Amino acid sequence: MSVDQDQCVGSGQCVQTLAEVFDQGVEDGLVVLLQESPSEELREGARRAAARCPGGAISIIE
């Protein structure tokens with residue numbers, strides 16, 4: 001899994017969907033990836049977060 005801060009619009013949808021894996025920078029509000037390889041139980045939530053990202057900043061690598 002990876003994130004592209006250049007594509008992030010700072011909406012926070014990822015954090016609202018899965019705070020265990022995503023956060024937002026304090027100064028800029030851009031996505032911060034907390035877990036590059038989340039456990040299997042968190043992967044479905046990561047997929048939902050990627051789908052909800054309005055900037056398309058989250059990439060899931062299976």
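Predicted model: local features only at pLDDT ≥ 70, side-chain atom pairs only at ≥ 80, totals over all residues.

Biologist: Which residues is Asp23 in contact with, leaving aside its neighbours within four places in sequence?

Modeller: Asp23 is in contact with Val15, Leu30, Val31, Val32 and Leu34. Asp23 itself sits in strand β2, residues 22-24.

Biologist: Why is Asp23 called partly exposed?

Modeller: Its relative accessibility is 37%. Buried means under 20% and exposed means over 50%, so Asp23 falls in between and counts as partly exposed.

Biologist: What makes the pairing of Arg47 with Glu44 a salt bridge?

Modeller: The closest N and O atoms of Arg47 and Glu44 are 3.2 Å apart. The cut-off is 4 Å, between a side-chain nitrogen of Lys or Arg and a carboxyl oxygen of Asp or Glu, so this pair qualifies. The structure holds 1 salt bridge.

Biologist: Where do Arg47 and Glu44 lie?

Modeller: Both belong to helix α2, residues 40-52, and they are 3 residues apart, about one turn of the helix. Arg47 is partly exposed at 30%, and Glu44 is partly exposed at 42%.

Biologist: How do you know that there is empty space inside?

Modeller: Rolling a probe the size of a water molecule over the atoms shows where empty space is left. Here there is 1 cavity of 30 Å³ or more, and the largest cavity has a volume of about 70 Å³. Its lining has 14 residues, with Cys8, Ser11, Gly12, Cys14 and Cys53 nearest the centre.

Definitions and conventions
Residues numbered from 1 in each chain as written. Heavy atoms only, no water. Helix = DSSP H or I, 4+ residues; strand = E, 2+ residues; numbered from the N terminus. Buried < 20%, exposed > 50% of the residue type's maximum accessible area, 1.4 Å probe, protein only. 1 Å grid on protein atoms, 1.4 Å probe; cavity = no way out; pocket = protein on both sides within 12 Å on 5 of 7 lines; lining within 4 Å. Points joined across faces, edges and corners; volume = space filled by probe spheres on them. Contact = heavy atoms within 4.5 Å.
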